[in-house]
Amino acid sequence: MNYESTTDANGRESPKRRRLDTPDSATNDAVENSNGELPPNYAYEVEDDENTFHTPQDDLEQEVNVQSLRIEERPLRLNYVLHKTLHGHTSGVAQVKYSPDGQWIASCSADATIKIWSAQSGELVQTLEGHLAGVSTISWSPDSKVLASGSDDKLIRLWNVNSGKCLSQPLVGHHNYIYSIAFSPKGNMIVSGSYDEAVFLWMCGQRGQCLKTLVHEDNAQVTSVRFSPNGRFVLAATLDSSVRLWDYVDGRCVKTYQEGEDTDQSDHDARVWAFIACGSEDGKIFLWDVSSKEIMQEVNAHNGVVLGVDISSTTQELVTCGVDSTIKIWKRRPLDAGEEVVTNGHAVNGIPDTPAKPDIESPAPLIEESG
């Protein structure tokens with residue numbers, strides 16, 4: 001295994017060393033193991049803990065960085081209003097995703113197409129065609145240049161977003177519908193989950209080979225997969241109401257989280273708040289406070305089941321999709337005068353904090369965009 005030393009901002013050699021594996025070098029040097037699989041091309045950087053030390057200057061800089069963080073005050077409720085409705089798909093839209101740079105929105109549909117939209121104008125930029133059945137899942141690469149898609153045709157395809165062309169050959173290996181895919185934090189690997197009860201890890205590149213196959217003894221269908229933020233593990237949700245944490249290098253299930261288990265939240269910083277957006281079968285979207293578990297907003301969004309929700313990390317805009325074949329973009333607006341005094345989900349002086357008029361009828365501009 002090769003390592004190289006890195007240098008800090010002052011040009012001094014750092015004790016931390018990173019693995020030199022790259023998609024190309026790993027491809028050229030890969031040797032199959034006894035099971036016929038290639039060793040994983042690691043999706044994370046390795047640090048040598050024994051040689052790592054922190055100087056007083058490092059600690060001071062870290063303290064300054066923490067103090068410089070802006071703590072946003074927790075609002076009493078949220079006010080997302082409809083901004084644009086995008087038309088173009090001819091069947092239900094299964095998923096929508098903002099690109100990491102916030103410039104694009106990708107959508108996939110049962111009509112077997114993938115569409116790329118401008119996040120700012122809502123204009124249709126690309127229509128990607130190549131799958132032979134409905135597309136259920138999509139994922140952006142970290143640099144927003146490549147889009148991966150998984151379909152009921154059991155194939156995974158990689159797309160050049162700028163040209164709209166499919167890269168290399170599709171990734172073949174699953175034996176049933178593909179429900180979920182995700183890029184690694186470094187963008188050099190893809191993880192996929194399928195109704196065939198398996199989690200596959202793939203190497204990005206021209207060869208597109210399967211690096212690892214993870215199958216649990218319970219043989220539950222896989223509905224969602226993600227890499228951990230540090231890239232060391234894979235989380236896989238299954239239809240047996242479990243979420244499993246995999247060490248994909250060793251092929252070992254490290255932890256199983258099951259329905260009904262509780263977690264200790266005693267270390268939560270009350271100054272930091274966050275919310276979760278989710279869709280429902282009755283066409284509504286709900287925004288929940290992560291800490292208090294209170295509903296911060298309830299919106300009538302789609303005609304029928306809401307299939308996908310995503311939030312832009314750059315603008316905090318919300319995008320949703322559903323079986324009604326539409327994509328809707330929502331913008332957060334300031335609360336109306338007088339609403340600042342209410343609390344989430346509770347009445348103040350007998351007056352509920354929900355406006356009398358539905359949020360869908362907000363005075364914000366509604367722009368119907370045609371595909």
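Predicted model: local features only at pLDDT ≥ 70, side-chain atom pairs only at ≥ 80, totals over all residues.
Residues are numbered from 1 along each chain as its sequence is written, and side-chain values use heavy atoms, with hydrogens and water left out.

The protein has two helices and 26 strands, where helices (H or I, at least four residues) and strands (E, at least two) are DSSP runs numbered from the N terminus. Of its 371 residues, 42% are buried; buried means under 20% relative accessible area, exposed over 50%, and partly exposed in between, with a 1.4 Å probe and protein chains only. Among contacts (heavy atoms within 4.5 Å) with a separation of 6 or more, 48% link residues 24 or more positions apart.

Leaving aside neighbours within four places in sequence, Val 199 is in contact with Val 191, Ser 192, Lys 212, Thr 213, Leu 214, Val 222, Val 225, Val 234 and Ala 236.

Val 199 also belongs to the lining of the largest cavity, as do Leu 214, Val 222, Ala 236, Arg 244 and Trp 246, among others. On a 1 Å grid over the protein atoms alone, a cavity is a set of points where a 1.4 Å probe fits but cannot get out, whereas a pocket is an open set with protein on both sides within 12 Å along at least five of seven lines, and lining residues have an atom within 4 Å of a point. The largest cavity holds about 80 Å³ of space, a volume being the space filled by probe spheres set on the points, which are joined across faces, edges and corners. E17 and strand E18 (242-247) are the elements that give two or more residues to this lining.

Strand E8 (135-140) is one of the elements that supply at least two lining residues, and E16 is another; the largest share, four residues, comes from E8.

In the loop between E16 and E17 lies Ser 228, which counts as buried because its relative accessibility is 11%. Its side chain makes a polar contact with the side chain of Asn 230 at 2.6 Å, and the side chain of Ser 228 also reaches the backbone nitrogen of Arg 232 at 3.3 Å; a polar contact is a pair of N or O atoms within 3.5 Å, where within protein one must be able to donate a hydrogen and the other to accept it, and residues adjacent in sequence count only if both atoms are side-chain atoms.

Most residues other than glycine have a negative phi. Ser 241, in the loop between E17 and E18, has a positive phi of about 65°, and at 41% relative accessibility it counts as partly exposed.
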